[in-house]
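Here is a briefing on side-chain contacts and helix packing. The chain and its model come first.

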Amino acid sequence: MFGLWLSKMKMMKAYVSGDLPAAMKYAQKCLAKNNRDVGALWTIAECYRLQENYEKAIVYGEEAFSVDPKHMDTLQLLTELHFDRGDYQYAHEYALKVVSLAKEIDLELQPYSSKIKENLSSSKLMPVLTSSTAQSIGEGQKTEKAWIVWAMEFITWYESTHKKI
């Protein structure tokens with residue numbers, strides 16, 4: 001048990017310091033002890049994403065999702081990966097899961113819904129997460145809420161430009 005905890009601590013330290021090979025090495029050690037370790041699976045997926053190896057990132061991200069379909073970081077990662085690859089249908093599916101989970105855990109999103117509709121009604125351009133969006137959300141939980149607001153904007157954009165006939 002202590003060995004797993006130590007590997008997790010080393011994995012997180014390596015990831016935070018930007019030592020991706022070490023983070024992946026320790027994540028693999030965690031998986032050797034528990035092949036359903038969502039944190040380790042996410043870490044490997046994120047490291048592959050940062051190295052622009054999107055295929056492997058998706059494989060590990062999907063594995064993390066299969067273990068815990070409510071792991072917000074994994075949902076965000078999979079949305080980003082598919083979005084960056086231009087797979088907007090898959091990005092849309094994961095963005096819906098992000099927003100659904102945010103509502104389930106009762107993040108306060110209502111104030112942003114009307115602003116999103118207002119911003120997107122005049123434009124058919126795809127939403128981009130910007131620092132101004134993040135700043136408009138406020139200090140508390142800025143990053144997570146900014147990301148979820150982006151997901152809501154993306155869903156609105158996708159559904160308005162990909163209407164089913």
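Predicted model: local features only at pLDDT ≥ 70, side-chain atom pairs only at ≥ 80, totals over all residues.

Residues are numbered from 1 along each chain as its sequence is written, and side-chain values use heavy atoms, with hydrogens and water left out.

**Salt bridges**
- The count comes to 6 salt bridges (a side-chain nitrogen of Lys or Arg within 4 Å of a carboxyl oxygen of Asp or Glu).
- Lys8 bridges Asp37, with the closest N and O atoms 2.8 Å apart.
- That pair links distant parts of the chain: Lys8 sits in helix α1 (residues 2-17) and Asp37 in the loop between α2 (20-33) and α3, 29 residues apart.
- Helices here are DSSP runs (H or I, at least four residues), numbered from the N terminus.
- Asp37 is buried at 5% relative accessibility, and Lys8 is partly exposed at 25%; buried means under 20% relative accessible area, exposed over 50%, partly exposed in between (1.4 Å probe, protein chains only).
- Arg85 and Glu55 meet in a salt bridge at 2.1 Å, N to O.
- Salt bridges with shared partners join Glu46, Arg49 and Glu80 into one network.

**Helix α4**
- Helix α4 (residues 54-67) has 14 residues.
- Its buried residues include Ala57, Ile58 and Phe65.
- The buried residues of α4 pack against α3 (38-50), α5 (72-84) and α6 (88-104), with contact meaning heavy atoms within 4.5 Å.

Terms used. Helix = DSSP H or I, 4+ residues; strand = E, 2+ residues; numbered from the N terminus. Expected span 1.5 Å × (residues − 1).
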